[in-house]
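This report describes the fold of one protein model and the surroundings of its ligand. Please have the sequence and the structure open while reading.

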Amino acid sequence: MTNAVYSPAPGQSAPAVSTHPGPAASGSVDTERVAELIGQLLAALGEDPGREGLADTPARVASWWNSFLSPEPFTAVTCFTETRLSAQLVVVGGMSVWSLCEHHLLPMNLEVVIGYLPDSEVVGLSKFGRVAQRHAGRLQVQERFTRQVAEEIADVVGGKDVAVAVHGTHLCMSMRGVRMEAARTTTLQVGGLFKHDPVLSQQFLTLAVGQWGAA
Ligand SMILES: Nc1nc2c(ncn2[C@@H]2O[C@H](COP(=O)(O)OP(=O)(O)OP(=O)(O)O)[C@@H](O)[C@H]2O)c(=O)[nH]1
Ligand SMILES: [Zn+2]
């Protein structure tokens, strides 16, 4: 069996798949400055940033921002040669990632399902989760996240036969604002045969919705 990898061009940290690469790349968070600003935020909120319980909060929050905006670096996507698959549909689901809505800086949970039609190679299954995690680790909107994941997977598989469905829970809609706890947003980005073949499209949707259950 031959192992193949999909790698970014030399000097690139990730494939050029997005016109919205996100505000911060790995290592670009000024944690000292963030900690200072969190201290100021606490003061502006009427808190005493020096009190016992809050003394370490600015540094903790800065460290959290740093880890959120510094997801795992891009690693090559492992693919395996596997001939005679004959247009098999592969659907990987149950991939839950956390992102932050860029309007309110509140968390959104994104349940991701990815489908593709392997040709002569199959993609290492965990790599779908890694792609989703990397695009979640930035300030986002669900629609853009869905497109970015679909575009990167299409690059990896070298074709357009890719479908990505995302089921999102937005805390900015559940815990504040309209306060609709059960609200869920579903986004779907399809390409190639998933767009033109209604049977394939239906098979993907049936499998995707099955992954989400009653949620
Ligand atoms: N399309 C889209 N909208 C989002 C997403 N996350 C949050 N939003 C919306 O962004 C909008 C921001 O609207 P604004 O009117 O500027 O903010 P707001 O006054 O806080 O709005 P409310 O949430 O209605 O209270 C809200 O409607 C949010 O529901 C997302 O991923 N996609
Ligand atoms: Zn929001």
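Which residue in β4 is the bridge partner of Ser 96? The partner is Glu 111. Before going further, note that this is a predicted model, in which local features need pLDDT of at least 70 and side-chain atom pairs count only at pLDDT 80 or more, while totals for chains, interfaces and linings use all residues. Residues are numbered from 1 along each chain as its sequence is written, and chains are lettered from A and ligands numbered from 1 in the order in which they are written.

**Overall layout**

The protein has seven helices and eight strands; these are DSSP runs numbered from the N terminus, with helices being H or I of at least four residues and strands E of at least two. Its domain assignment, which is automatic or from a database, gives domain 1 (31-68) and domain 2 (82-212). The centres of the two domains, taken over C-alpha atoms, are 34 Å apart. Of the 215 residues, 27% are buried (20 or more other C-beta atoms within 10 Å of the residue's own; exposed means 12 or fewer, partly exposed in between, with C-beta atoms placed from the backbone).

**The sheet**

An open sheet of five strands has the order β6-β3-β4-β7-β8, with mixed pairing. Two strands count as paired if DSSP finds at least two bridges between them. At the edges are β6 (139-140) and β8 (185-190), each of which pairs on one side only.

| Strand pair | Sense | Bridges |
|---|---|---|
| β3 (residues 90-101) and β4 (residues 107-116) | antiparallel | nine bridges |
| β4 and β7 | antiparallel | nine bridges |
| β7 and β8 | antiparallel | six bridges |

Val 112 stands opposite Val 166 in β7, and Ala 165 has Leu 188 in β8 as its bridge partner. In β7, eight of the nine residues are buried.

Contact here means C-beta atoms, placed from the backbone, within 7 Å.

The buried residues of α3 are Lys 127, Phe 128, Val 131, Ala 132, Arg 134, His 135 and Ala 136. Their cover includes β2, β3, β4, β5 (121-123), β6 and α4.

**Around ligand 1**

Ligand 1 is surrounded by Cys 101, His 103, Val 141, Gln 142, Glu 143, His 170, Cys 172, Met 173, Gly 177 and Val 178. A residue belongs to this shell if its C-beta atom, placed from the backbone, lies within 6 Å of the ligand. Helices α4 (142-157) and α5 (171-174) each supply at least two residues of the shell. By class, the shell holds five nonpolar, four polar and one charged; Ala, Val, Leu, Ile, Met, Phe, Trp, Tyr, Cys and Pro count as nonpolar, Asp, Glu, Lys and Arg as charged, and the others, Gly among them, as polar.

**Thr 81**

Thr 81 lies in strand β2 (residues 77-81). Thr 81 counts as exposed because 11 other C-beta atoms lie within 10 Å. The C-alpha atoms of Thr 81 and Val 122 are separated by 6.4 Å, although these residues are 41 residues apart along the chain.

Notes:
Contact = placed C-beta atoms within 7 Å.
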